[in-house]
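Hi,

Here is the model I said I'd pass on. Have a look at it first, and my notes follow below.

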Number of protein chains: 2
Amino acid sequence: MSEIKKINHVAIVVGDIDQALTFWRDALGLELHHVEDVPSQKAVVAFMPVGDSEVELVKPTTDDSGVAKFLAERGGGMHHLCFEVDDLEAKLADLKAKGVRLINETPIELPGRKMAFIHPKSTGGVLVELYQLI
Amino acid sequence: MSEIKKINHVAIVVGDIDQALTFWRDALGLELHHVEDVPSQKAVVAFMPVGDSEVELVKPTTDDSGVAKFLAERGGGMHHLCFEVDDLEAKLADLKAKGVRLINETPIELPGRKMAFIHPKSTGGVLVELYQLI
């Protein structure tokens, strides 16, 4: 079974990146590494490393994504919890064999990384992302 | 300004620890360090180390706590995000000076640790805990 290595990131949905940074960077004191448009996720993301993990501030750029609907329905807040694994396909196969409901049965591949989401129905209400550096 | 060292833990509210462990331990593969009754938080907590952080599964033991109300109103899910700092009083003073609304203006002290919560109104909807080992 592929091991869970660490929390890769905690994703927080925000309505405005600059406004959110007045708390997370300017008041709390997290470092802002960079802000990046991530079209595949229909979002702008601020990456804030902390320890060996990251806080990611995610601002939806369309109205039709999961994060946009989350923001519209609940307001800002923690959206998902991402763990890093060393063999994503093996982990997904193992989870599926154990009856866990996956949102992505095969990984989404992006340059340098691949990822898949586990359905909150199988986790007790937490959207869990699994992430592998490639 | 006291530095944020790392994510200490992500707290997840659950209705049943054993049921939650069938996902977090048995399927996902996190290690269960121990389960502890924490009367000061009116909860039983399962501590699951991962990388240099922890996932904490929190089951309310009364009906009148914040986690109990969260569970009753929203169901299980991510409850708060805790960062470790090296000087909690200094960090709280700095946050207060910057206009951040604190739930605890002075730390809650427990054996070996002290902690304080920041109000979600000041963070964009995330309940943030600050934690110092002592």
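Between them, chain A and chain B bury about 2800 Å², with 75% of that on carbon and sulfur atoms (buried area being the accessible area, 1.4 Å probe, lost on putting the two parts together, summed over both). On the chain A side, A:Phe23, A:Leu28 and A:Met78 lose the most area to chain B, together 22% of what that side buries. Chain A puts 40 residues into the contact and chain B puts in 40 residues, contact meaning heavy atoms within 4.5 Å. Salt bridges between the chains come to zero, counting a side-chain nitrogen of Lys or Arg within 4 Å of a carboxyl oxygen of Asp or Glu.

Bear in mind that this is a predicted model, so local features need pLDDT of at least 70 and side-chain atom pairs pLDDT 80 or more, while totals for chains, interfaces and linings use all residues. Residues are numbered from 1 along each chain as written, chains are lettered from A and ligands numbered from 1 in written order, and side-chain values use heavy atoms, without hydrogens and water.

One for you: which element gives the most to the lining of the largest pocket? That would be helix 2 of chain B, with six residues (helices are DSSP runs of H or I, at least four residues, numbered from the N terminus).

Cheers

Key:
Helices (H or I, at least four residues) and strands (E, at least two) are DSSP runs, numbered from the N terminus.
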